[in-house]
Amino acid sequence: MSDRNDGFVSASELARMGYCERQVYFDATHGKRATPEQQRARHRGLNAHAAFLDESRRIAAASDKKGRCFIATLALGECDETRALRAFRDLFLRRSACGRWLVAAYYRQSPGLCRWLVPRPRAIRSVRWLLKGLARAAGAAVRMKVGRGHG
Amino acid sequence: MGDGAFTLILLTVGVAAAILFARRWPPKAADIERGLPAQLRGAEIAHAERTFRSHRHGLVVRLDRAYRTEGGLQLVELKTRHQHAVHMFDLIELSVQRIALEYETGEPVSDDAWVVVQNSRTGTRRARKVRLMDTPDITALRERYDDVVQGRVGGPAPARSPAQCRQCAHKARCATKFQDRA
């Protein structure tokens, strides 16, 4: 990652200040040097990170599989509204027994409902209109809960 | 052998097979979430291996993982080390990540983050919760970084322990210039 060339300092570069300021100084004046042991450690780190990223993808895929909003995805596609509904599910519904029951009931019923909707474009339009309204409300609730507005 | 004994043997073999199967075939979700704290298991990954920048602070980060939780985004950093230890280095790195992530997404990031240390010998992982540094501290550190790099700091701080110098490629140069680390 770039450091001083574009005016940005990377997190790992700045973090080296907590390790040894002299090393930062010598790297800046004489160029970065790494001992064979440091190179091996870096190689180990890169391999571990590749595996960690692969795990991240698998966790995300598993989460998507278990929590896909079938009807919302059918009616709206993958967009801000579906993400708002998903966040509402995670932040509100999954935190109570009643909410979890609702989520489970939704996942039980929605594949059948999707099959019914697919050949009925007018019904999909109505569902889309309804879901957009719900998504706006869900988005507002999520923003209130996480206190968006920083930055 | 009577029917009773045969049934007992069959039952024992069945139970043993079930135990072995369960031990050798852990659920995939548990395997891919190994080393993670209970709070983050099953939580949604909001970002993974993504770059964020804060133009205001002149910082760029590439974060390992950020989970979306009730208390805001929670950062997770993976480290491979010989020992399950967390250092100041990790704290600074994660605190910088928080600044850039909040700046670019506007989404609040939790004051707590996790360092997952993977033992480089055994491969086992352990998670440690850390409290992140405040933004003014990081801003001050960023300014000091510029001073150190530009040579405006007369006596840049050495590594906390001389043992840390053993692996440094600048060891000889440092000993000549500062004469306090052999």
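Predicted model: local features only at pLDDT ≥ 70, side-chain atom pairs only at ≥ 80, totals over all residues.
Let's take chain A to begin with. Its secondary structure comes to seven helices and one strand, and reading along the sequence you get β-α-α-α-α-α-α-α. So much for the layout; now the packing. Of the 151 residues in chain A, 23% count as buried. If you look at its contacts with a separation of 6 or more, residues 24 or more positions apart account for 55% of them.

From the N terminus on, the order is α-α-β-β-β-α-β-β-α-α. Buried residues make up 28% of its 182 residues, and among contacts between residues at least 6 apart in sequence, 57% join residues at least 24 apart.

Zoom in on the strands of chain B next. Strand 1 and strand 2 of chain B run antiparallel, joined by nine bridges. For one example of who faces whom, find Arg50(B), which stands opposite Leu63(B) in strand 2 of chain B. The two strands form a hairpin with four residues between them.

The bridge partner of Val9(A) in strand 2 of chain B is Leu59(B).

That pairing brings us to the contact between the chains, which takes 52 residues from chain B and 48 residues from chain A. On the chain B side, the elements that give two or more residues are helix 2 (28–32), strand 1 (44–54), strand 2 (59–69), strand 3 (72–81), helix 3 (88–105), helix 4 (135–149) and helix 5 of chain B. Which of them gives the largest share of the side that touches chain A? That is helix 3 of chain B, with eight residues. By class, the side of chain B that touches chain A has 26 nonpolar, 11 polar and 15 charged residues.

Now for a helix on the other side, helix 2 of chain A. This helix is mostly covered, with seven of its 10 residues buried. The buried ones are Glu21(A), Arg22(A), Gln23(A), Val24(A), Tyr25(A), Phe26(A) and Asp27(A). What covers them? The cover includes helix 4 and helix 5 of chain B. Just after helix 2 of chain A comes another glycine to check, Gly31(A), with a positive phi of about 90°.

Finally, follow helix 2 of chain A (residues 21–30) to helix 5 of chain B (residues 171–178). Their axes come within 11 Å and cross at roughly 105°. Angles of 65 to 115 degrees count as roughly perpendicular, so helix 2 of chain A is roughly perpendicular to helix 5 of chain B. Helix 2 of chain A makes the contact through Arg22(A), Phe26(A) and His30(A), while helix 5 of chain B brings Arg173(B), Cys174(B) and Phe178(B). By class, the residues of this contact divide into three nonpolar, one polar and two charged. Two of these, Arg22(A) and Phe26(A), are also on the buried list for helix 2 of chain A.

Terms used
Residues numbered from 1 in each chain as written. Chains lettered and ligands numbered in written order. Axes fitted to C-alpha atoms, helices over the stretch in contact; angles between N-to-C directions. Parallel < 35°, antiparallel > 145°, perpendicular 65-115°, else oblique. Contact = placed C-beta atoms within 7 Å. Nonpolar A, V, L, I, M, F, W, Y, C, P; charged D, E, K, R; others polar. Buried ≥ 20, exposed ≤ 12 C-beta atoms within 10 Å, placed from the backbone. Pairing = 2+ DSSP bridges.
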